[in-house]
Amino acid sequence: MEFLTNEKLLIVGAAGMIGSNMAQTAIMMHLTPNICLYDPYAKGLEGVAEELLQCGFEGMNITYTDDIEKAFTGAKYIVSSGGAPRKAGMTREDLLAGNCKIAEDFGKNVKKYCPDVKHIVVIFNPADITGLVTLLYSGVKPGCVTTLAALDSTRLRNELAKWFKIDPDKITNARTYGGHGEQMAVFESTVKVDGKPLDTIIGTEALPKDEWEAMKVRVIQGGKNIIELRGRSSFQSPAYLSIEMIAAAMGGPAFRWPAGTYVNDDKFHNIMMAMETTIDKNGVSFKPVDGTPEEQAELEESYKHLCKLRDEVISLGIMPPIDKWGEYNPYLLEKTV
């Protein structure tokens, strides 16, 4: 059986619904035969491992442990859902302090046990900020860390497909940028609906302007809707998309959606946010986002919102002031392009 790599993939938070789905997806996509499952909840972790082993997968070396050193040592790829999940009535930002402390410990464990890790995907909320904290304390290059922002773009695709009652594949280049949170930039200028530019349809009988505005709200609150429908936060979609991301980093198929990446350029400074990205064996790279003046203004507002969250984490003492970041990760002082 062929795999993308034989190197170790570590799933952090594997006892949870996202983590266990990530593990199964990675196995079924034949990413690597060497998958390690980590979670401090030993009993639940063993249950997940038992289920996966009972699937009868061929050619797999599935290991599991609640020992941090054993889990992280030798890991070349890591996907972490190891934070607290959203509950009914919560926003992603409500998880800020607790999950950022978890991200601090996560980054420090990477630095201590697997500093030569090739790629890390962080998906626990608020992912832009937990990813930034992880990057800071891990000491790895910015290109080695991405966060889950794609879920907003896939939700936009889904909403448009439902509205127009067409195959989702006929919705192309659906894009959201900026934060993966309550204030993101939902772009219309990039999208085509069955080959037609979306911005020529908005405001017509086919998609009235007020319906488009309501759709944008549904995209932003897509996670809230899942909680209301299922009684728990999303797990299948973030699990699948995060494994697509790590597969691209392993040299697999190109990742089709924007990812959260560290940005420190002439416009946006010292932040993790969704951009138009490419993920491959060299890590993640991005290019500037083009949009209408209105879309650019939305992106600026999303960036400002992320900066407020970042600065709140700094005020809590979880991250040092920005001018001290170089003491923890000198790569963060460099400009990104």
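**Note on the predicted model**

1. The protein chain carries 36 positive and 45 negative charges, and their mean positions are 1 Å apart. Lys and Arg count as positive, Asp and Glu as negative; His and the chain ends are left out. Each charge is placed at NZ of Lys, CZ of Arg, CG of Asp or CD of Glu.

2. Basis. This is a predicted model: local features need pLDDT of at least 70, side-chain atom pairs pLDDT 80 or more, while totals for chains, interfaces and linings use all residues. Residues are numbered from 1 along each chain as its sequence is written, and side-chain values use heavy atoms, without hydrogens and water.

3. Overall size. The radius of gyration (over C-alpha atoms) is 19 Å for the protein chain; a compact globule of 337 residues would be near 20 Å, so the two agree. The globule rule is 2.2 Å times the number of residues to the power 0.38. The C-alpha atoms fill a box of roughly 60 × 50 × 35 Å along the principal axes.

4. Burial. Of the 337 residues, 55% count as buried, meaning under 20% relative accessible area with a 1.4 Å probe, protein chains only; exposed is over 50%, partly exposed in between.

5. Aromatic pairs. There are five, with ring centres within 6.5 Å; planes under 30 degrees apart are stacked, over 60 edge-to-face, the rest tilted. Y137 and Y328 have centres 5.5 Å apart and planes at 80°, so they are edge-to-face. Y137 lies in helix 5 (residues 127-138) and Y328 in the segment after helix 10 (293-315), so the pair ties together parts 191 residues apart in sequence. Helices are DSSP runs (H or I, at least four residues), numbered from the N terminus. Y137 is buried at 7% relative accessibility; Y328 is partly exposed at 32%.

Methods
Phe/Tyr/Trp six-rings, centres within 6.5 Å; stacked < 30°, edge-to-face > 60°. Helix = DSSP H or I, 4+ residues; strand = E, 2+ residues; numbered from the N terminus.
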